Amino acid sequence: MKFSLEWLRYFLETDASVEEIAGALNRIGHEVEGFDDPARKLEGFRVAEVLTAAPHPDADKLQVLSVDTGEGDPLTVVCGAPNARAGMKGVLGLPGAVVPANGMELRKSAIRGVESNGMMCSVRELKLGDEHDGIIELPDDAPVGQSFAEYHDASPVFDVAITPNRPDCMGVYGIARDLAAAGVGTFKPIDVSEIEADGPCPVEIRTDDVEGCPAFYARTVRGISNGASPEWMQRRLIAAGQRPISAVVDITNYLMLAFGRPAHAYDLAKLTGPVVARRAKDGEKIEALNEKAYTLDETMTVIADDSGVHDIAGIMGGEHSSVGDGTTDVLLEIAYFDPERIGVTGRKLGLATDARTRFERGVDPEFLDDGLAILTSLILRICGGEASEVVRAGKPPVEAQVLTFDPALTKRLGGVEIAEDEQRRILEGLDFRVGADWQVTVPPRRHDVEGPADLVEEVVRIYGLDKVESVPLPRRDGVAKPTASPQQQMERMLRRSAAARGLNEAVTWSFLPTGEAEHFGDGGELWVLDNPISEDMKAMRPSLLPGLLGAAKRNADRGSATSRLFEIGRRYFRGKNGASDEKPTLGVVLVGDRTARGWANGKAQGFDAFDAKAEAMALLEAAGAPVGNLMVMDDAGEQFHPGQSATLRLGPKNVLARFGALHPRTLKAFDLDGPVVATEIFLDAIPAKKGGASFARPAYDPPALQAITRDFAFLVPSEVTTGDLVKAVRGADKKAIVDAQVFDVFVGQGVPEGRKSVAVEVTLQPGEKSFTDDEIKAISDKVVANAAKQGAELRG
Amino acid sequence: MTTAQALRDDALSRITGTSDLDTLESLRVEFLGKQGSISALLKTLGKMSPEERKEQGPLINGARTEVADAITARKEALEAEALDRRLASETLDLTLPAPQAPQGSVHPVSQVMDELAEIFADLGFSVATGPEIEDDWHNFTALNMAETHPARAMHDTFYFPDRDAVTVPASSSEAVGEKRRMLLRTHTSPVQIRSLVEQGAPIRIIAPGRVYRSDSDATHTPMFHQVEGLVIDRDIHLGHLKWTLETFLKAFFERDDIVLRLRPSYFPFTEPSVEVDVGFAMENGRRVLGGSGDDEGHGWMELLGSGMVNRRVIEFAGLDPDEWQGFAWGLGVDRLAMLKYGMDDLRAFFDGDNRWLAHYGFSAFDQPTLSAGVGAKA
């Protein structure tokens with residue numbers, strides 16, 4: 001909210017500098033977001049008198065003026081304003097001055113061949129208003145040569161952020177009260193004078209919606225003349241960012257900005273019958289002051305007469321009964337509306353106004369009569385006319401809240417020791433009534449004060465939060481324990497392992513285009529936003545891969561064809577009872593070349609499914625999964641190449657990871673060129689480490705005798721996987737055989753159709769004694785026999 | 001000259017003249033082999049008279065030893081020459097690049113979250129988490145933002161459709177049967193409620209994570225990261241809050257001259273509410289934290305919102321607010337990362353640009369530790 005220093009001083013007796021005031025505002029919770037000193041903008045402009053005015057020799061619409069600036073010889077100034085004439089006084093901008101309206105610096109220049117030494121300015125050029133019909137005309141007594149800033153008495157303007165809990169400070173009056181309590185001056189309470197009424201109010205006023213409009217006060221003022229508001233008022237309004245419109249409208253705005261009290265004036269001539277606060281009818285329409293039509297419903301409170309709705313209560317008036325130049329009689333409304341109702345209506349209609357902001361936060365319920373009196377007296381003073389008596393329908397909720405306060409709470413909660421009489425002084429300065437027994441009566445305008453903690457806030461806020469001293473948190477006794485959960489520790493281990501393996505961690509959006517989410521949904525129930533920021537960010541991701549593929553695509557478009565990306569984050573599914581099921585996941589996407597083209601290796605090597613498997617296995621191991629027991633199975637999902645992808649499972653159902661080359665259709669959807677491989681590890685499926693309770697490892701003695709190896713070459717039916725073959729080989733003697741590795745797979749010449757040649761190196765570890773030849777033969781025979789069960793035969 | 005001497009001279013001169021091992025070997029055979037000329041001469045010793053043998057023996061044996069030594073020496077020399085030649089032929093251009101393992105990196109957001117966890121672990125804070133898809137009770141109502149509270153509208157909330165609303169199950173301690181709208185959490189504060197309900201008090205937690213607001217420009221992204229802090233105990237006050245944040249920021253920025261300014265503010269979930277500013281100076285066109293913002297050339301930067309947890313929030317979490325009190329704060333993790341590590345554009349955080357990740361990311365081995373300082377220097 002913006003207000004001028006001059007306006008503030010109307011309510012606050014103070015000698016404080018603007019810096020002191022701004023500092024105090026910040027200290028007491030009214031953050032100064034901006035500060036503007038128009039005097040600085042008006043530097044170089046001064047009061048000047050036009051001595052002579054003659055037509056420009058070369059331009060019909062221009063005049064050549066001789067202008068007295070109060071010092072030295074008169075200056076020649078070329079001017080296009082029709083009202084420029086000899087003898088008038090106006091505002092001259094000298095070379096070097098910057099025109100506030102457009103930021104242009106004035107210079108000496110020739111205009112159509114005549115030298116001009118400055119510019120006579122209009123109201124709009126100086127940003128003092130909208131008027132641009134001619135140059136400013138100052139009264140005859142304006143002292144020639146005086147700086148215009150000084151003459152105009154332009155006041156500095158504060159722009160202050162009022163927090164939503166303080167509607168009482170959404171008027172200059174309330175801010176003045178807060179500042180006075182903080183010691184920045186003396187609060188000047190306004191004197192509300194009695195209005196001499198000219199008979200009863202001729203209009204019947206009712207509230208038929210006591211819930212939405214508990215109180216509706218009104219009166220008429222007849223015989224007014226609604227011209228322009230006076231200059232002092234316009235200045236204050238302009239400083240507050242409010243454009244002057246007409247006297248009556250300006251006066252209602254003035255009341256709102258000065259006292260945080262919205263009110264409304266209707267053109268009495270446009271009203272017929274009783275004026276009533278009631279619920280709108282479903283589908284009822286109103287054309288509002290912003291020239292937009294709104295369709296109302298029965299949850300909304302309106303002010304209406306026999307002919308229809310004239311006001312969306314507390315939010316915006318109607319166009320039909322609005323006050324205009326020709327208005328002679330007005331009905332003034334000052335009402336108390338239910339804050340919640342105003343908020344709901346405003347949100348439904350998407351209508352944000354200054355009135356709504358104040359009503360929905362809560363106006364002062366005690367300020368109806370005073371507000372109406374101030375409004376009326378301003379109208380009578382400025383527009384003339386005769387006021388009727390006030391008619392009051394309903395009652396505002398003015399019951400004052402009384403809190404039992406323990407001043408020791410200030411230290412307990414606020415951590416600062418403040419003497420009791422100081423606390424009392426602060427609260428009383430803020431208009432709280434403090435009894436001898438610390439029964440504190442809260443002014444009804446302070447809707448934000450609900451309990452003793454709020455009083456502590458008031459006291460500490462005014463006393464100074466900067467006086468709160470740091471106090472160390474007591475250290476907790478006892479044994480240090482990890483503060484990260486096992487899940488968090490696993491994620492950290494994975495993150496650092498993945499980075500150490502050459503992968504770059506990315507953080508991608510949690511939301512995806514619905515199409516991508518569905519493609520990666522695997523039948524899970526998706527979360528789809530009602531109000532996404534765009535269609536590309538609509539569905540919560542069921543996989544980490546689309547986000548990473550998108551990043552890889554952007555990299556490719558920037559000329560970086562190879563991406564090694566990973567992300568650790570959540571996948572989102574709908575869970576039981578409608579709750580969110582968020583699954584911690586690690587995604588890896590490898591795009592482009594595993595090894596670039598190089599002098600040593602020749603051609604570039606693209607990523608293949610085994611690169612994805614390598615990441616899956618290494619990272620699962622880093623996560624503590626029992627990788628030795630994993631089964632490689634199908635069903636990685638339709639996003640993957642059906643023949644070059646797999647899942648890694650512990651038991652048939654528990655899928656720990658999927659990996660492989662992506663399906664060409666997936667690549668097409670992301671506009672990526674292959675090869676692209678990916679891995680996704682489902683962290684919630686990884687079983688907790690067994691025996692993780694102790695630091696000590698199981699006992700271990702390295703075997704004394706050296707292991708020996710034997711090679712076997714088998715012919716295997718093509719459809720038998722090497723995994724099954726190796727499993728069979730290892731099963732031949734679970735004690736002696738400690739490892740079996742495939743070292744060659746061959747299909748082609750010398751290998752019969754439908755078969756492949758697989759060579760396996762088997763490692764045998766002797767125990768106490770070396771193997772005898774017979775023992776080795778027995779094991780070898782068993783290996784061959786087990787392999788035969790898989791359809792393998794030993795190659796001759 | 002005797003025959004032995006003649007043979008020796010002939011052999012030595014020819015050995016010296018050899019340039020390859022094969023010729024040398026043939027010379028060895030010619031002189032010292034079974035049929036060799038010096039070997040033959042040796043055999044004549046047996047037939048000689050003792051006098052003659054006494055004279056010829058040393059001469060012939062001496063010739064044999066000399067020739068044998070010469071062959072060995074020449075062989076070593078030739079082998080050394082051969083090795084030198086081979087090594088010369090094996091010379092590599094070592095200015096060629098060596099094979100390189102790809103360099104990975106940890107994202108700045110993760111790095112900073114690890115740093116936070118480390119610093120706060122030292123102060124006794126655990127790391128807590130909660131769902132990102134929340135219900136409006138945990139995100140708003142329990143944080144003292146009732147249905148019609150104006151602050152709700154200020155949160156730019158992403159909502160899920162009404163049909164996704166959940167009904168509070170009968171097993172809950174909360175309002176059974178109540179309909180709750182689902183949304184993307186707008187702050188990490190609902191973790192306060194969940195942690196208090198699950199763990200009770202006393203409690204010290206930080207809760208880092210993703211949060212969402214329907215907002216997008218250079219300094220706002222619809223998804224960003226916050227870290228919530230919560231301390232609830234019996235006698236915790238604003239002084240503890242100030243100390244905790246000071247201690248944290250000093251450790252995080254590794255500067256002793258961090259100065260905080262507390263300003264009154266308003267958040268529905270705290271009372272009193274405090275906005276925390278931190279002093280900064282401009283260095284090379286960049287804001288660097290440290291010093292009082294009131295000092296010459298310094299300024300204040302709004303850093304975070306905090307305050308004493310509102311009694312109602314403590315009640316909503318099922319605790320007695322006359323027994324338990326404490327403070328909470330919410331802080332932007334991305335912003336902390338930007339301030340500390342010098343990034344300017346928040347949007348780049350979520351783009352996955354390889355170049356950006358390589359430049360601003362951290363080595364896997366930059367694991368924050370208190371002993372080494374939690375930060376990773378450029």
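Predicted model: local features only at pLDDT ≥ 70, side-chain atom pairs only at ≥ 80, totals over all residues.
Residues are numbered from 1 along each chain as its sequence is written, and chains are lettered from A and ligands numbered from 1 in the order in which they are written.

**Stop 1: the domains of chain A**

Colour chain A by domain: domain 1 (2-37 + 156-187), domain 2 (40-152), domain 3 (205-394), domain 4 (404-467), domain 5 (486-685) and domain 6 (708-794). These bounds come from an automatic or database domain assignment. Now pick out domain 4 and domain 6 of chain A; their C-alpha centres are 85 Å apart.

**Stop 2: Leu8 of chain A**

Zoom in on Leu8(A), which sits in helix H1 (residues 5-11) of chain A. Helices (H or I, at least four residues) and strands (E, at least two) are DSSP runs, numbered from the N terminus. Is Leu8(A) buried or exposed? Leu8(A) is buried, because 24 other C-beta atoms lie within 10 Å. The cut-offs are 20 or more such atoms for buried, 12 or fewer for exposed, and partly exposed in between, with C-beta atoms placed from the backbone and counted within 10 Å of the residue's own.

Leaving out residues up to four places away in sequence, Leu8(A) touches Phe3(A), Val172(A), Ile175(A) and Ala176(A). Contact here means that the C-beta atoms, placed from the backbone, lie within 7 Å. Show Val157(A) too: 149 residues separate Leu8(A) from Val157(A) in sequence, yet their C-alpha atoms are 9.7 Å apart.

**Stop 3: helix H12 of chain A**

Select residues 420-429 of chain A, helix H12, and show Gln423(A), Ile426(A) and Leu427(A), which are buried. These three are on the same side of H12(A), because they cover an arc of only 95° around the axis. The arc is taken from the directions from the helix axis to the C-beta atoms. Among the elements covering the buried residues of H12(A) are helix H5 (172-181) and helix H13 (452-463) of chain A. Just past H12(A), find Asp431(A), where phi is positive at about 80°.

**Stop 4: a sheet in chain A**

Next, colour the open sheet of seven strands, in the order S28-S31-S32-S38-S37-S36-S35 (chain A), with mixed pairing. Strands pair if DSSP finds at least two bridges between them. At the edges are S28 (504-505) and S35 (631-633) of chain A, each pairing on one side only. Inside the sheet, S31 (residues 563-574) and S32 (residues 580-591) of chain A are antiparallel over 12 bridges. Find Phe573(A), whose bridge partner in S32(A) is Asp581(A).

**Stop 5: over to chain B**

Select strand S7 (residues 223-233) of chain B. This strand is largely enclosed by the rest of the structure, because 10 of its 11 residues are buried. S7(B) is joined to strand S6 (residues 203-212) of chain B by 10 bridges, running antiparallel, and Ile203(B) has Ile232(B) as its bridge partner. Eight bridges, also antiparallel, join S7(B) to strand S12 (residues 325-332) of chain B.

**Last stop: where the chains meet**

Terms used: Contact = placed C-beta atoms within 7 Å.
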